[in-house]
Amino acid sequence: LDRVEEFGSPQMRFIFHGSEPLLNLPFIEEFSRECRNRSEKNGQRYQLSLQTNATLINENVIDLFKRQGIEVSFSLDGLKEHQDSTRPYLSGGGSYFKVISGIEQLRAYQNYLPPVTVVSSENVKDLVEITQSFKDNGFSRVQYTLVQPTGDAKKDLSLLPDNDLLFQNIYKSFLMNLEWLREGGAFKIRNLTNILATFFFKTHP
């Protein structure tokens, strides 16, 4: 906070992100409280958001979100078969129904609740169905993020989606989205530009 404040911006945004932030709830509460205290002293605005896999959502967590004004987005890799394949518990059991339960609790707290879906070889062929599912379930947008193997994961690239399948299904999803917009709908594939850029640039945009 001290370092960021040196930039002198009237508004600063912090995102709790990476692994699962809710595993460290005491830090989130302490950091949020400090942001609020500083805001009262110096007049700067601190915007807080959090990216969660939604498996640890409960009344205490939502109460913290309310008290500290934390915006929330969640990760869901598509339909049940995709989520259970790419994000199982250590025991091997699927996480889909636990995530859905967490999402339903979050809906009562925040109307705007954008899903983030990691696109991999596991779900790339079903992106049209996934997009339709998000719209049918009342979400206003989806962010598709391409899987990026790092570290030891670079030794096994089996999760990388096939480029042709990726293009075909993103394209079909976008055309479907365009028809919804023409009909007066508001659903949006949030980061289409970044996805398309990966076909033209070797580095991640």
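The legends below go with a set of close-up views of this predicted model.

**About the model.** Because this is a prediction, local features need pLDDT of at least 70 and side-chain atom pairs count only at pLDDT 80 or more, while totals for chains, interfaces and linings use all residues. Residues are numbered from 1 along each chain as its sequence is written, and side-chain values use heavy atoms, with hydrogens and water left out.

View 1. Strands (E, at least two residues) and helices (H or I, at least four) are DSSP runs, numbered from the N terminus, and two strands pair if DSSP finds at least two bridges between them.

View 2. Strand β2 (residues 45–52) pairs with β3 in the parallel sense over four bridges. Look for Gln-51, which stands opposite Ser-73 in β3. Contact means heavy atoms within 4.5 Å; axes are lines fitted to C-alpha atoms, for helices over the stretch in contact, and angles run from 0 to 180 degrees between N-to-C directions.

**View 3. Ile-28, tucked into α2.** Ile-28 is found in helix α2, and at 2% relative accessibility it counts as buried. Buried means under 20% relative accessible area, exposed means over 50%, and partly exposed is in between (1.4 Å probe, protein chains only). Leaving out residues up to four places away in sequence, Ile-28 touches Phe-16, Pro-21, Leu-22, Leu-50, Leu-64 and Ile-70.

View 4. Which residues of α3 are buried? They are Val-61, Ile-62, Leu-64, Phe-65 and Gln-68. Seen down the axis of α3, these buried residues fall within an arc of 155°, so they line one face of the helix; the arc is that of the directions from the helix axis to the C-beta atoms. They pack against α2, β2, β3 and α5. The face turned away from the buried side carries the exposed residues Glu-59, Asn-60 and Lys-66.

**View 5. Helix α5 and its buried side.** Tyr-96, Val-99, Gly-102, Ile-103 and Leu-106 are the buried residues of α5. They cover an arc of only 125° around the axis, which puts them on the same side of α5. Their packing partners are α3 (59–68), β3 (71–75) and α4 (80–86).

**View 6. Where α6 passes α7.** The axes of helix α6 (residues 127–136) and helix α7 (residues 163–182) come within 8 Å and cross at roughly 30°. On the α6 side, the residues in contact include Leu-127 and Val-128, and on the α7 side they include Met-176 and Trp-180.

**View 7. Two loop residues with positive phi.** Neither is a glycine: Ser-19 has a positive phi of about 55°, and phi of Ala-54 is near 70°. Ser-19 lies in the loop between β1 and α2, and Ala-54 is found in the loop between β2 and α3. Buried or exposed? Ser-19 is exposed, with a relative accessible area of 78%, whereas Ala-54 counts as buried at 1% relative accessibility.
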